[in-house]
Every structure is written in structure tokens, then in C-alpha cells.
Amino acid sequence: MIDRTGKDCTGCYACVSACPKACIRMEENKEGFWYPKIQKEQCVKCNLCEKACPVLSKIPNHKTEKDIHVYAVTHTNEKTRTASSSGGAFSALAETVLEQGGVVFGAAFDENYAVHHIFVEEVEDLSKLRGSKYVQSRIGKAYEQAEAFLKEGRPVLFSGTACQTSGLLGYLGRDYENLYTQDLICHGVPSPMVWRKYLEYRQTLERSKIKKIFFRDKGHGWHNWHLAIDFENGTHYAQSQFQDKMIVSYLRGKCSRLSCYDCKFKQKCRTADFTLADFWGIQDFAPELDDDKGISSCYVNSEKAQLLFERAKIHLKVTELDFNMAVSGNLAMIESEHLPENRNDFLKEMKRKPFEMAYGKCIDEMSFGTKIRWGMRRLLGNKQYDALKALGKRK
Ligand SMILES: Cc1cc2nc3c(=O)[nH]c(=O)nc-3n(C[C@H](O)[C@H](O)[C@H](O)COP(=O)(O)OP(=O)(O)OC[C@H]3O[C@@H](n4cnc5c(N)ncnc54)[C@H](O)[C@@H]3O)c2cc1C
């Protein structure tokens, strides 16, 4: 049964979606990740869950490196490019599919800034999907919805991490001429529990609810990207990837899903039609293309994808580059992130304590003074703490 996947389970929802008895549901574990739980009494042992699972069953893939073309691309619309994580390759592919009456699936924030897969049918709604959200996205019913559109004959672009696009292929169990899958070079997916705690921490600090989040703000350049947050009270937070505590936790590998440290989907020849990433290394390979405003690498992995890419070119500036050179600049294509020693302790602490305490203990030890200040703020609440501080200053 599907629970054989153990630590390799990616939480992709293929098993949940495939079960004809609807007897598998996702439950959040102590680390904040979803794992399938089977209602054993209702299970008829049909094994469709195992067949759909992209970890237990191999997804057919006949591609070779020769078939793949790699392009450095930037969107011609500067606003779209700025709002995208790298060069806006995703938006160009998505626009092309929508222009053909198609449907695009991708990751979006909900009203609480949790991340879910949704679909859009209008170009104006693409902004919901645009931009990386560095937290695991919940697939929910997206595979079933995509299948319904495919059966209607509408073109579908399904964008997600490689485990998610493979999960879709596993669930569908066959290829569709009108389906385009697009995966990413992926560092790993952070825990939704850590993300919730981080949001709580930021809102407590700013004393305001969040209005807008942008993971990849390029105000200081694409290479030096910042996580930026607008708050309802008008304040603005932006901190670099080297300083923001959520991003530092993520990039140091402290909060990714266990399966990410030994990712089964890291390979040069992907099952997806397209693979997108930041074109890291472009400053060395083709410095004339790097204006520090963001550039995507777009791996076109299949003939079908090449046809769509040719149409998408009306939205793009394109330069073809060498496949192995591109991979050498972005080894996350083939290598999983390293599992750091105290990753489990960090997540245990995070479950029990406020974000800043867990971060202080496992990543960046807080000074004694900061610990006291945080403890008092928690104990007294913001208003009383500020009053006490003001009193201290007057003395
Ligand atoms: C979790 C994660 C880790 C990544 N790690 C790396 C990395 O190590 N190296 C690298 O070069 N690039 C990485 N990327 C890819 C990079 O951040 C850009 O998404 C990519 O360069 C495409 O950018 P774009 O400008 O074309 O489009 P954008 O508009 O920025 O891309 C948006 C697309 O990403 C999808 N997406 C956003 N968040 C998620 C999510 N949480 N789960 C699934 N899909 C999502 C959206 O659905 C949309 O299709 C990662 C992306 C994600 C989501």
C-alpha cells in the first residue's frame, strides 16, 4: 500500500486523487508536511494508489540529452519580467496556452498566504500564479480538475515542482496531446508549518496584517533578491536572501520536506515538457545577457514543447545555449540539497516554540538581551511592552 513510500513520499496527492473509494486523505505531520493516511476499512486493495505514485511506479520517459534545447529567456514585457522570479519564462508559456483557449495550473496564495494549486483561464489572473512561493504547495483537487479539462480537449499547462508534475502524469496514467507539463529546478519545498509561524512572527513584529508578499523582490537586483512584504498599516519589510530568517532557514536546508534531501526527480532528462529555473551562472556564460533584472533558463524537453515554445517566442527574447554548460551553473538540476545535522531539531523546536525562538536556538543563537525582550513582548503583548519601554526611556 501507499504507506510504503515512507520518507520518500513527496505529498504530491497522486494517491489521494487516484483512489476510487476516496479512502486516502492527507494529514499534516509534526513537521508541518502532508502525508497520505489510508482508511484501511474502506480500502479495496485495488493498488491504483501505488500505480499513480511517481515514487513507487516509474513514469515512462524516453528523452535523451540530445532531444533537449536550453534557452536563456526574458519576457519582453518589463513589468511581467520584474514581477517574475527570474526572467518570466513561465508567463510567456502560460500566455501562449491561454491565447489558445487553454487553462493554466500553478501555485497561488490563499487569503491566509498558504500556498495551493489553482487554475486560471484569463491572462489577467496569471498574476496569482506568477512568482515563486518558497513553501510546499497543496495540490488538492488540481489533478482531477486538469484531467477534466484535458478530456474536454482544452490545452492545459500544469506548472509545479518535478514531484508534482510527475504526480499528475502518474495519476493520468497516459499522455495527452493537449497537456504541457512544466517543472522547476527545485532546491526543496519548505514546511507549511514553518511558513505559518514565520508569518505570525512578522505580523507580531509589524503589528499589522500582511497585505502582499513577494518572495523575489528585485529592487536590489536579481542576484541580490529580497523577500518583501507590504503590511496593511502601510509599512514595508524587505530583507535579502542572506538575512531574512525564513529564506535563511530554507537555503540552509533546515525546513525542507524529508523527500527533498534525496529527491527522486533530480535528473537531466525530466518527465516534464519544460523545466524552468534561474539562469544562475549566466554572468560567466554570456555576461552580455545579464542586466541583473532576471533571466530564466528554459529547458525545452520534448517536440511538443518545442512547438509551443516557438509560439511563445512572440513574448520572449531568446538565446540558445549549451545544455551541459547550463546544468553546470545550476547543479540543483541533478543534486539534492544536503541534510543538515540539526534539521529535525529545528522542526521540533518550531512545532513547540515561536519562530524566533526556534530560529535562535537552531540557526542563529539570539543574544541574552534579545531573548529577554522577546519573552517580555510575548508575555505582556505589544502595547504593554511598548508602554514599559517608554517608561524605561523617560527615567
Ligand atoms: C519551491 C521552489 C524552489 C526552487 N528552487 C530553485 C533552485 O534551487 N534553483 C533555481 O534555479 N530555481 C529554483 N526555483 C525556480 C525559480 O524560483 C523560478 O520559479 C523559475 O526560475 C521560473 O521563474 P519565471 O520567472 O519563469 O516564472 P515565475 O512567474 O516566477 O514562476 C512561477 C511559477 O512557479 C510556480 N510555483 C511558484 N511557487 C510554487 C510552489 N511552491 N510549488 C510549485 N510551483 C510553484 C508557479 O505555479 C508558476 O508556474 C524554485 C522554485 C520553487 C517554487
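Helix axes here are lines fitted to C-alpha atoms over the stretch in contact, and angles run from 0 to 180 degrees between N-to-C directions. In this predicted model, helix 12 (residues 343-352) and helix 13 (residues 355-362) pack with their axes 8 Å apart, at an angle of about 155°. Angles over 145 degrees count as roughly antiparallel, and helix 12 and helix 13 are therefore roughly antiparallel to each other. The crossing of helix 12 past helix 13 is right-handed.

On the helix 12 side, the residues that meet helix 13 are D345, F346, E349 and M350. Their counterparts in helix 13 are F355, A358, K361 and C362. Sorted by class, this contact holds 5 nonpolar and 3 charged residues, and no polar ones.

By class, the contact of helix 4 with helix 10 has 4 nonpolar residues, 1 polar and 1 charged.

| Helix pair | Axis separation | Angle |
|---|---|---|
| Helix 12 and helix 13 | 8 Å apart | about 155° |

How many of the 11 residues of helix 4 are buried? The count is 10 of the 11, so helix 4 is largely enclosed by the rest of the structure. A residue counts as buried if 20 or more other C-beta atoms lie within 10 Å of its own. After helix 4 comes G101, with a positive phi near 80°.

For the protein chain as a whole, the secondary structure comes to 15 helices and 13 strands. The radius of gyration is 22 Å, close to the 21 Å that the globule rule gives for 395 residues, so the chain is as compact as a globular protein of that length. The C-alpha trace spans about 75 × 60 × 40 Å along its principal axes. Of the 395 residues, 43% are buried. Among contacts between residues at least 6 apart in sequence, 67% join residues at least 24 apart.

Methods:
Residues numbered from 1 in each chain as written. Predicted model: local features only at pLDDT ≥ 70, side-chain atom pairs only at ≥ 80, totals over all residues. Helix = DSSP H or I, 4+ residues; strand = E, 2+ residues; numbered from the N terminus. Rg over C-alpha atoms; globule rule 2.2 N^0.38 Å. Buried ≥ 20, exposed ≤ 12 C-beta atoms within 10 Å, placed from the backbone. Contact = placed C-beta atoms within 7 Å. Parallel < 35°, antiparallel > 145°, perpendicular 65-115°, else oblique. Left-handed = near helix turned anticlockwise from the far one by under 90°. Nonpolar A, V, L, I, M, F, W, Y, C, P; charged D, E, K, R; others polar.
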